[in-house]
Amino acid sequence: MLGELLEAVTELDRDGLVHAAILTGAGQKAFAAGADIETLSRLSTAEARAFSDLGHAVAARIEEAHFPVIGAVNGFALGGGCEMALACDFLYASDKARFGQPEVSLGVIPGFGGTQRLARRVGIGRARELCMTGDVIGAEEAFRIGLVNVVVPHTELFERAVATAKKIASRGALAIAECKRVLRRGEGLPLAAACELEAAAFAALFGTGDLREGMKAFLEKRPAKFEGR
């Protein structure tokens, strides 16, 4: 599944017509329940490292895609499943969603970036608690600590995610891509360097047809017709 997801996101990233994507689980019970424990139990140290590297590659590919990826968490997002959710740009959760990094109960730690992305999303103290206790939390608690952006009734989750994806797709694709890039890269920089990154991207967009179209459409009081150029 990880290999297929890596291939799918890579293919979408090559398609200049893709402006947003939604990552969700098949069926009604789980976004992704995590790895098969029986299989994991047989891995050697080298095999475990290769498995971790693959998970990190998938998460990084989601983060580096030129379009935003909305995670629509429709059920259990545990272990590696939670880590794939954390790689999404932002998360919408069903009221039935459950989140957790329970790896310590198996004698291991998150291996797909969970310790790092969780800390960046909810703060180091809360991340330490969740990773060290292995507790599973519900959607409302995930919302309270800032892990998810919104909680919606289970039957309305995908519709809400699609509505947001369509809204994003109606904006300037180049601006959205730069917004995602600057937010991601600036996160780990000192404020002055991050602001310089933003200023450079802001100025560069003034050389695009999309900016000219967007501002012209605003002045003419009509919807903009962005072409991604």
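I looked up Phe99 and found it opposite Ile137 of strand β7. This is a predicted model, where local features need pLDDT of at least 70, side-chain atom pairs count only at pLDDT 80 or more, and totals for chains, interfaces and linings use all residues. Residues are numbered from 1 along each chain as its sequence is written, and side-chain values use heavy atoms, leaving out hydrogens and water.

Next I checked the pairing. Strand β6 (residues 98-100) pairs with β7 in the antiparallel sense, over 3 bridges. I count two strands as paired if DSSP finds at least two bridges between them. Strands (E, at least two residues) and helices (H or I, at least four) are DSSP runs numbered from the N terminus.

Then I took the whole sheet. It is open, with 4 strands in the order β2-β4-β6-β7 and mixed pairing. β2 (30-32) and β7 (136-138) are the edges; each has a single partner strand, so one side of each lacks a neighbour in the sheet. Neighbouring strands are turned by 20° against each other on average, direction ignored. Axes are lines fitted to C-alpha atoms, for helices over the stretch in contact; angles run from 0 to 180 degrees between N-to-C directions.

Helix α4 (residues 80-87) packs on this sheet and touches β2, β4 (76-78) and β6. Contact means heavy atoms within 4.5 Å. The α4 direction makes about 95° with that of β4.

Last, I turned to Lys180, in helix α9 (residues 173-186). Is Lys180 buried or exposed? Lys180 counts as buried because its relative accessibility is 8%, and buried means under 20% relative accessible area with a 1.4 Å probe, protein chains only (exposed is over 50%, partly exposed in between). A polar atom of its side chain lies 3.0 Å from the backbone oxygen of Ile62.

Methods
A polar contact is a pair of N or O atoms within 3.5 Å; within protein, one must be able to donate a hydrogen and the other to accept it, and residues adjacent in sequence count only if both atoms are side-chain atoms.
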